[in-house]
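Hi there,

Here is the structure I promised to pass on to you. My notes on it follow below.

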Amino acid sequence: MKLTHLVAAALVSMTVGMNANAEDRGKAYVSNQDGGVSVIDLNTLKSTGTIDVKAEGPRGLAVSDDGKLLVVATRENGSVSIIDTATGEVLNQIKVGQNPEFVRIRGNFAFVSYEPSAKGGPPPTPGSAEALAAAKEDDDDDKEPARIGIIDLKLGKKIREITGGPETEGIEFSKDGKQLVITNEADNTVTVHNIKTGKLLKTIKTHQYGDRPRGIKVSPDGKTYLATLEYGNKFMVMNKNFKVLRTVDTGATPYGIAYDRKGERIFVAANKAKTLEVYNAKTYEKIKDIPTGNRCWHFTFTPDDKEILLACGKSDAIFLIDSEKLEVTQQIENKKLPWGVVTYPKSMGSLDTAIK
């Protein structure tokens, strides 16, 4: 009888543990330009602390596929910090190059954009006196293109580079993992590269549709690519062969863009419009404008797809949005200029994608 009771108790304990684990919604990681990475417990929707990344100016960030590592680009020292998510400790700092910004992970490799010729601050508005002066200066100088540094996470070092265009922004992978797609804001192009060789395969010029391409995202089925055109107030729709099919009007200065997990809706963070915009992914008709805050650039769904977390740097907050009602439900205070946000388990968002 005693043995029977012990076995029964053990089974109950295992069941409770499994249920508790099944109900764990995971964590969100928020890069803060004024210091560290904030951790949000998605079970309580509260910040649980800040990870010291041992460097200044965190921006792009990504979580490894197994959730054990967090890779954060740190602008001021031209490196990425490799962080143990279990302990919050920095395991390694790897030099990448000047002005690292975006980070994406595929398998055991991290892809990090950096800009050797960057002078700081955003490019000037097209047609402005500042833009004309910058163009003249560029004609006089040999402007070094941006690059994508590729880091082997097992070896803990940068192993090679892919050359992009001036001021590379967003990074995306083709569904088969053979191509790297990047937006180059300074010369208004989207470029496609062979990941294995780095060879430039295609250049798509955006000027006739809009300037300053920023966000880039592939659809869950791999058949469509979207690129936001910040100085066009549009996003551009391309097929799997990168033929431009159409553009879709957005609010002012669109940046982060993502599909939902099923590929049914498109979400766009329109910075100066102060909205998160929602579109039908088949018809491209707008579903709703969700009022948000100031300088909202990047966002992610929660792993269970119930909410969206939107980093609004100049509103000192992460906005929490109900993904079905499409309404802001609360704000999580963050006064360190939040830049980007990702989750583990990995989910759909402007900086990452879910693993099915």
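Phenylalanine 109 sits in strand S9 (residues 109–114); helices (H or I, at least four residues) and strands (E, at least two) are DSSP runs numbered from the N terminus. This is a predicted model, where local features need pLDDT of at least 70, side-chain atom pairs count only at pLDDT 80 or more, and totals for chains, interfaces and linings use all residues. Residues are numbered from 1 along each chain as its sequence is written, and side-chain values use heavy atoms, leaving out hydrogens and water.

With a relative accessibility of 31%, phenylalanine 109 is partly exposed (buried is under 20% relative accessible area, exposed over 50%, partly exposed in between; 1.4 Å probe, protein chains only). Together with Leu155 and Ile159, Phe109 makes a nonpolar surface patch of about 260 Å². Patch members have over 30% relative accessible area and no salt bridge, and nonpolar side chains (Val, Leu, Ile, Met, Phe, Trp, Tyr) are joined within 5 Å; the areas come from the Shrake-Rupley method with a 1.4 Å probe, and for residues only the protein chains shown count as cover.

On to the charged pairs. The structure has 21 salt bridges (a side-chain nitrogen of Lys or Arg within 4 Å of a carboxyl oxygen of Asp or Glu). One of them joins aspartate 65 to lysine 346, with 3.9 Å between the closest N and O atoms. Aspartate 65 is in the loop between strands S4 (58–63) and S5 (69–74) and lysine 346 in the segment after strand S28 (338–344), so this pair ties together parts 281 residues apart in sequence. Aspartate 65 is partly exposed at 34%, whereas lysine 346 is buried at 8%.

Another salt bridge pairs glutamate 169 with arginine 214, at 3.0 Å. Here strand S12 (residues 168–173) is linked to strand S16 (residues 211–218), the two residues being 45 apart.

What about the interior? The largest nonpolar core has 29 residues, and Phe235, Ile266 and Phe267 are among those with the most contacts inside it (a core is a set of buried Ala, Val, Leu, Ile, Met, Phe, Trp, Tyr and Cys residues joined through side-chain atoms within 4.5 Å). Strand S21 gives this core its largest share, four residues. A separate core of 25 residues includes Val53, Val63, Ile171 and Ile195.

Best wishes

Technical notes. Patch = residues over 30% accessible without salt bridge, like charges linked within 9 Å, V, L, I, M, F, W, Y side chains within 5 Å.
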